[in-house]
Amino acid sequence: MFNIFKKKPSNIKYDKENIPNFKYHKDPLNTGAFIENKDGKKCSCCNMISKYIYLEPYYSKKRISCLCPDCISNGEAHRKFNMEFQDFESCETVSDKSIIEEVCYRTPGYCSWQQENWLSCCDDLCEFIGCLSWDKIKELKIEKEIIEAIIKNETFIAIGRPIEELIDAINDEIHDLCVFQCLHCKKYKVDINLS
Ligand SMILES: [Zn+2]
Ligand SMILES: [Zn+2]
């Protein structure tokens, strides 16, 4: 007798399983920044096999196949490949430049339809929560806060359409709604990317 539903145990032996803490991108598994290393790929930087890997985005002249979370967190990948995970010019202004360096050099980035902006509030960069569907926003029970943030958003004001249309466009994946939260006043901020 055999059980076809029995999951085949993975034979990959990982050198590393844990994800270090990223102040500005706290849940990189949920946002999709790190994916499970199902093929047992080696990190392009340290050559070790970690349970979760990072593929993109990154800015570097070198082609990198994948990175482990540690080599992003400790700045080794940035030093070795002169790479950035977020465009310096696409971070909102903060007075302390080392904050922008932490996000660009030592924090996993995120992918969107257009240029990925990293938003700021209270003179600090915000935590990236994710590019979220409206269902996910409802699940998190933050609709009210997100609607408040959308109303203040320059892109939304420029489009000049009712908010219901924007929500439909997010559901239809025509627009991307990238959500950030201030680490200090806890307000949500959004970046609306048109496809
Ligand atoms: Zn590594
Ligand atoms: Zn704030």
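1. Helices (H or I, at least four residues) and strands (E, at least two) are DSSP runs, numbered from the N terminus. On that basis the chain contains 7 helices and 7 strands. Their order along the sequence is β-β-α-α-α-β-β-β-α-α-α-α-β-β.

2. The model is predicted: local features need pLDDT of at least 70, side-chain atom pairs count only at pLDDT 80 or more, and totals for chains, interfaces and linings use all residues. Residues are numbered from 1 along each chain as its sequence is written, while chains are lettered from A and ligands numbered from 1 in the order in which they are written.

3. Overall dimensions and burial come next. The C-alpha trace of the chain spans about 55 × 50 × 30 Å along its principal axes. A residue is called buried if 20 or more other C-beta atoms lie within 10 Å of its own, exposed if 12 or fewer, and partly exposed in between, with C-beta atoms placed from the backbone. By this criterion 32% of the 195 residues of the chain are buried. Two residues are in contact if their C-beta atoms, placed from the backbone, lie within 7 Å. Of the contacts in the chain with a separation of 6 or more, 59% are between residues 24 or more positions apart.

4. Domain bounds come from an automatic or database domain assignment. The assignment gives domain 1 (9-92) and domain 2 (112-195), and their C-alpha centres are 25 Å apart. Their contact involves 11 residues from domain 1 and 10 residues from domain 2. For the classes, Ala, Val, Leu, Ile, Met, Phe, Trp, Tyr, Cys and Pro count as nonpolar, Asp, Glu, Lys and Arg as charged, and the others, Gly among them, as polar. The side of domain 1 that touches domain 2 then has 3 nonpolar, 5 polar and 3 charged residues.

5. Which residues have the most contacts inside the largest nonpolar core? A nonpolar core is a set of buried Ala, Val, Leu, Ile, Met, Phe, Trp, Tyr and Cys residues joined through C-beta atoms within 7 Å. The largest one has 41 residues, and Leu67, Leu177, Val179 and Val190 have the most contacts inside it. Elements giving two or more residues to this core include S2, H1, helix H3 (97-106), S5 and S7. Its largest share, 4 residues, is supplied by S6. Domain 1 (9-92) and domain 2 (112-195) each provide at least three residues of this core.

6. The surroundings of Val179 can be listed. Apart from neighbours within four places in sequence, Val179 is in contact with Ile129, Gly130, Leu132, Ile146, Tyr188 and Val190.

7. Strand S5 (residues 127-131) has 4 of its 5 residues buried, so it is largely enclosed by the rest of the structure. Two strands pair if DSSP finds at least two bridges between them. S5 pairs with strand S6 (residues 175-181) in the antiparallel sense, over 4 bridges. Within this pairing, Phe128 has Phe180 in S6 as its bridge partner.

8. Helix H5 (143-152) has Ile146, Ala149 and Ile150 buried. Seen down the axis of H5, the buried residues fall within an arc of 100° and so line one face of the helix; the arc is that of the directions from the helix axis to the C-beta atoms. An α-helix has 3.6 residues a turn, so residues three or four places apart point the same way. The face of H5 turned away from the buried side carries the exposed residues Lys144, Ile151 and Lys152. Cover for the buried residues of H5 includes helix H4 (134-139), helix H6 (154-159), H7, S6 and S7.

9. Glu56 and Pro57 are joined by a cis peptide bond, with omega about 0°; Pro57 is in the loop between strand S2 (52-54) and helix H1 (69-73). Asp123 is not a glycine, yet has a positive phi of about 55°. Asp123 is in the loop between strand S3 (120-121) and strand S4 (124-125), and it counts as exposed, with 11 C-beta neighbours inside 10 Å. Lys186, likewise not a glycine, has a positive phi of about 65°. Lys186 lies in the loop between S6 and strand S7 (188-194) and is exposed, with 11 other C-beta atoms within 10 Å.

10. Is Lys13 buried or exposed? Lys13 has 7 C-beta neighbours inside 10 Å and therefore counts as exposed. Lys13 is placed in the segment before strand S1 (34-36). From Lys13 to Lys42 there are 29 residues in sequence and 11 Å in space, C-alpha to C-alpha.
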